[in-house]
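Work through the exercises below with the structure in view, and compare each solution with your own reading.

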Amino acid sequence: MHIKSIKELDIGPGDSVFIRCDFNVPLDEYGNITDDRRIRAALQTIRYCIDNECRIVLASHLGRPKGYDERYSLKPVAKRLHTLLKHDVIMAKDVVGEDAKAKFAALKPAEVLLLENLRFEPGETANDPEFAKKLSEFGQFYVNDAFGVSHRAHASVEAITRYYDKDHKAAGFLLLKEIKYLYKLLEHPTRPFLAIIGGSKVSSKLGALINLLPKVDKMIIGGGMAFTFLKAMGEEVGKSLVEEELVGEAKKILDEANRLGVKLYLPVDFVVAPEISEDAPVKFVTYKEIPKEWMGLDIGLASTRLFREALNDVQTILWNGPMGVFEIDKFARGSIKLANYVAESYATKIIGGGDTASLIAKAGVDDEMTFISTGGGASLELLEGKELPGIKALMVEDEE
Ligand code: AMP
């Protein structure tokens, strides 16, 4: 079984192509797009179809509206897409209604039509075959380029593929890149392979930690989750984030790392504060000195130096989760320092997860990374070793 690339589809002038994109971009309170990376990431596939003079229909969800809700309209996306593509984008007023159908019927080769937010229709999240059939009427060919939703069995990702045979469905360039870097990385990493896992909780990354441990040579654990591990080692961590119910699980991971010969690194010092706030006083302490009423909110200087040493000889780096509360500048320095060290490394550098991507952008080292995944939840599920419904649905039999 394999997944076809859009390049293997026999598309030509006048053919209709339905592309499932991931335009789920953050908006501010005035409806302005605050980060258009996901739209930029979709351009290559759209341009390919324009160059092939296809009639192009784009579909995406945005946020989590329950039915029609003007605040979640894709109109701002249509505008930004127009600017980035330097090409007209026709906006439908609905998803599978009269307006979308009429605009599709009038669509000419190389024209682009964007449907309204897929989640205005309840059939999308219900993976409803009837709704999926209506969507499939917008394309002789189906292309999935929305890695960020490929872990969801939704109509535009899963059910719709049932209406296409092996010669009419494929992955777009972005999805192919995600598969190449994340799937294949886990199967055949160039060694030594280092995983840097951070973020708030052990609970949200437990599956990934367990799946990655036998595959890596080294693992750095930072962020809030490090404290559950320190607790498992018998340390006092003050008021730092600890998931008591997972202390046993953390102990097992430490033992397993030992048994497998994986070098596991934990922070050795912290930036601590009495509360998570911009104006909180801070202290710099070793892991033995966290005051009872204070919490660790970033890794300290000694930890970043230690982690830099760990980076020295590795050939592959996978990073998911920040080292501290990077949204607040005074707790962002550890993560940003580490981002700069990772940037300097000659290894293949893969960044997974929305928060880590924002952190890399904040550090200004996006261009130094080999690949930054666009899907938070989806990339985490891949790291957990799960099969993603949207990717499975694209699989076709190998040809003789
Ligand atoms: P995740 O979504 O699990 O990758 O976690 C990302 C979040 O973890 C970010 O919003 C950080 O602010 C938070 N975080 C990182 N380090 C800590 C920490 N030491 N204490 C509390 N929250 C943290």
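**Charged residues, buried and paired**

At 5% relative accessibility, lysine 4 counts as buried, where buried means under 20% relative accessible area, exposed over 50% and partly exposed in between (1.4 Å probe, protein chains only). This is a predicted model, in which local features need pLDDT of at least 70 and side-chain atom pairs count only at pLDDT 80 or more, while totals for chains, interfaces and linings use all residues. Residues are numbered from 1 along each chain as its sequence is written, and side-chain values use heavy atoms, with hydrogens and water left out.

**Exercise 1.** Find which side chain meets that of lysine 4 in a salt bridge.

*Solution.* Start with the rule: a salt bridge is a side-chain nitrogen of Lys or Arg within 4 Å of a carboxyl oxygen of Asp or Glu. The partner of lysine 4 is aspartate 167, at 3.4 Å from N to O. These two residues are 163 residues apart, and the pair links distant parts of the chain. Aspartate 167, at 36% relative accessibility, counts as partly exposed.

**Exercise 2.** Determine what the side chain of lysine 205 contacts, given that lysine 205 is buried yet has no salt bridge.

*Solution.* First, the nearest side chain of opposite charge, aspartate 355, is 6.8 Å away from lysine 205, with Lys and Arg counted as positive, Asp and Glu as negative, and His and the chain ends not counted. Next, the side chain of lysine 205 makes a polar contact with the side chain of asparagine 320 at 3.0 Å. Finally, a polar atom of the lysine 205 side chain lies 2.9 Å from the backbone oxygen of glycine 198.

Key:
A polar contact is a pair of N or O atoms within 3.5 Å; within protein, one must be able to donate a hydrogen and the other to accept it, and residues adjacent in sequence count only if both atoms are side-chain atoms. Helices (H or I, at least four residues) and strands (E, at least two) are DSSP runs, numbered from the N terminus.
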